[in-house]
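Dear colleague,

I am passing on to you the structure shown below, together with an account of what was found in it. Please read the notes alongside the sequence and the model.

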Amino acid sequence: MLDALPQAISSFAQNIDDVLKLIYYITGFFFILMEGYLVYLLVRYRRKDGVAAKYEPGDKWVHVQWIVIFCVIITGIDFFIDFKGAKTWDRVKIEMPATDLTVKVQAKQFDWTFFYPGKDGQIGTDDDISSYRELHVPVGKKIKIIMTSLDVIHDFFLPEVRLKQDVMPQREILGWFDTTQAGTFHLVCDEICGFGHTRMAGVLQVDDEKTFEDWLASKDKEEHGGAQ
Amino acid sequence: MSQDHHEHKQSFLSHYIFSTDHKMIGKQFLLLSIVMACFGGFMAYLIRWEVAYPNVPAPFFGLVSPDKFNAIITLHGTIMIFFVGMPFLAAFPSNFLIPLMIGARDMAFPKLNMASFWLTFAGAVFLITSFFVPGGPVAGGWVGYPPLSASSEFAGVKLGAVLWLLALAMAFFSSSLGGLNYLVTAVTLRAPGMTYSRIPMTVWFLLGSAVTFFFSVGPLIAGAFMLLMDNVFGTGFFLPKKGGEPMLWEHLFWFFGHPEVYVLFFPALGMGLDILATFTRKPIFGYKLILGSTVAAICLSFIVWAHHMFMSGLNPILATPFSITTILISVPFAIIIFCMFASIRHGAIRMELPFLWMIGFLATFLVGGLTGIFLGSATADIYLHGTYFVVAHFHYTLFPSVFFGGFAGVYYWFPKMYGRKLNEKLGLLHLALTFLFFNGTFWPLFRVGIGGMIRRIADPSFYPQYHQFANWNIFATISAISLIATQMIFLWNLVLSINHGPKAEKNPYDSNTLEWLADSPPPHGNWGPTLPVVTVGPYEYSNPSEAKDWKSQAQNI
């Protein structure tokens, strides 16, 4: 089942996959155990002539204690899963590391625009460099993203990076990611946003630093005429 | 509700249409849910068709364009939850069974009960009408997140949104009136001797379902009213441009939305427990433990909602407390499931149809429960949220509850409802094919979801990365169409057996609970001149001190 996962291209993608694997094996074990036990019960306790059912109301503690004990074990396993996952959650969603580049992600019905800081190193100024539907990043660098929407709720999902975040109108939500390999990857909108939602896809282009810089410069020239 | 109730002649209109008899109202809800399931099922077919064969016109409909696709997924969800699940699992059994199982002659408020049905009916009419109004029906998903759902500026939907909200309002109103009625009936109209500890599980869980609905729906009613104002009067409760907050809706919606899953799950559990006891010939193991767990689950169900919102922009620090409550709520449900296993153990199982449906419910719901552990983990959610994995997961919780659980109930109580038996062979075929095709539909979607395919996109062919799942999607679609077609067996069985089935005796299963003491079908007023006097609990099966392996709850009828 887990072999269907797309390739993992960020430093935390493997951690998220590990959590998926952990849950997969634990739930897989209980799935087989419980379905197997159910089938066993049905076969073993089907009606036979002369064999009566046992009168077991289960109203005394001694009778139900094994159920409670089993549940305590299961709760322990659940907490273990969450404890394992919490570190990764904190790393991806709470702690903002020192980043190398900031990109503003702007969603609207039904496309994505990305803003890179121009010469002044600031986003939100006239010399911002914009890219339509294509998010280019240099490989290995930590990218800070500032996500916002102009109209309705969208969702910024980079499956190979294992990053997802709803993008809310009139709100700036911060996030970050990095990449471990160059290539062309996917960006999709994962929140229904209107009739054009089905085509609100984009591209994550991960390049080496030189290619990225060249691309950014050419974009800058295209947009600002290279006058600066 | 006294004896003058029975014996008097009724016109067709007052007997079949504006009936105040709880049994007729129960049957009306059943019929309504079947009709609405045809709509919901047809939409499921269109959704699956479009996902498997994008941009190919669907037979009997035509091209499912993206705007139609969005509307269809929205109405499929709304119809299946509020106009199939609620009437089929909550209203139908509550109406038909609660008075019979507690030994009452009718509901406490029969007219309110009638109003409750006609409100749902009106809601259903509003919803279907919304297909034909200018601008089309709502198309923002059944969760209706604003701003998309709050203004025609974003979706082009005008009257459709109003009709959708009115339909929901009717459904909420109906379920609230119904729930009030069930509670008052169970508290005030129990037969002599029907103490709280002798109430059958079906009744307890139906009441649990009503209480859960009551306490969760209030905030959403307020939210729906605000959304209506935004749509009609241009207010800005959920519109950031006007200073509103869309995330508020998400909170109000999921504060209701999560408990709602249990509103649909509880009746299936309750009916399942009674069916279990009857066919294993054993008492329910841990009656009080199960009830205590249910109370705990109800309380916890109000503090788990934000696990639907891990990706919403909610403060990420809140993920931990909501993960913990989500884990905790699995404990009472695990206890209930283990008690069910313990109830089967050491039984003398009669492998009859209702029991087998009930096992189908257990076997499939288990998958829904276990895959919930993935989605309860905020970390796993970073990847899985919004993918087909979620679709597969919640269909593995709701479909077992509504259909396996609901059909278990219908097959079990059908002889009581109509005085005739359903055809066994057709029933068995219905079960086997439903089980097969249900798994065939949704199991592949786990894989597709893990592969990263997102839900609610009309045209997967636009995404090269999803082409690898085309065959899985076609497989799921063929299974889904087969699953829908299989339900025709049930309809055929129903039509055939209501008029021509073999006559059923009063108590075909040697079951203990009170409804089996009434005639099949029970007359108006349910009981003869005297009410049953309850002397024992509902699960005195195979008690060694008795000669038979069962003992009816009342001996005086």
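In which segment of chain B does B:Asp510 lie? B:Asp510 lies in the segment that comes after α15 of chain B. Please bear in mind that this is a predicted model.

The backbone at B:Asp510 deserves a note, as its phi is near 50°, a positive value in a residue other than glycine. B:Asp510 counts as partly exposed, because it has 15 C-beta neighbours inside 10 Å. A positive phi near 70° is also found at B:Phe60, again a residue other than glycine. B:Phe60 is placed in the loop between α2 (22-52) and α3 of chain B, and it counts as exposed because it has 9 C-beta neighbours inside 10 Å.

Two peptide bonds are cis. One runs from A:Gln109 to A:Phe110, with omega near 0°; A:Phe110 sits in the loop between β1 (101-108) and β2 (111-116) of chain A. Another runs from B:Ser520 to B:Pro521, with omega near -5°, and B:Pro521 belongs to the segment after α15 (470-500) of chain B. As background, most residues other than glycine have a negative phi, and most peptide bonds are trans.

Turning to chain A, its secondary structure consists of three helices and 10 strands. In sequence order, these elements follow the pattern α-α-β-β-β-β-β-β-β-β-β-β-α. The C-alpha trace of chain A spans about 95 × 35 × 30 Å along its principal axes. Its radius of gyration is 26 Å, whereas a compact globule of 228 residues would have one near 17 Å. Of the 228 residues in chain A, 35% are buried.

The two chains meet at an interface where 83 residues of chain B are in contact with 76 residues of chain A. On the side of chain B that touches chain A, α10(B) gives the most, with 13 residues. The residues on that side of chain B divide into 50 nonpolar, 22 polar and 11 charged.

Finally, the largest nonpolar core has 248 residues, among which B:Cys339, B:Trp357 and B:Ala408 touch the most other members. Helix α3 (residues 66-102) of chain B provides the largest share of this core, 23 residues. Domain 1 (2-94) and domain 2 (101-224) of chain A each contribute at least three residues to this core. Leaving aside neighbours within four places in sequence, the contacts of B:Ala408 include B:Met271, B:Ile275, B:Trp357 and B:Phe361.

With kind regards

How values were computed: Residues are numbered from 1 along each chain as its sequence is written. Chains are lettered from A and ligands numbered from 1 in the order in which they are written. This is a predicted model: local features need pLDDT of at least 70, side-chain atom pairs count only at pLDDT 80 or more; totals for chains, interfaces and linings use all residues. A nonpolar core is a set of buried Ala, Val, Leu, Ile, Met, Phe, Trp, Tyr and Cys residues joined through C-beta atoms within 7 Å. A residue is buried if 20 or more other C-beta atoms lie within 10 Å of its own, exposed if 12 or fewer, and partly exposed in between; C-beta atoms are placed from the backbone. Helices (H or I, at least four residues) and strands (E, at least two) are DSSP runs, numbered from the N terminus. Domain bounds come from an automatic or database domain assignment. Two residues are in contact if their C-beta atoms, placed from the backbone, lie within 7 Å. The radius of gyration is taken over C-alpha atoms; the globule rule is 2.2 Å times the number of residues to the power 0.38. Ala, Val, Leu, Ile, Met, Phe, Trp, Tyr, Cys and Pro count as nonpolar, Asp, Glu, Lys and Arg as charged, and the others, Gly among them, as polar.
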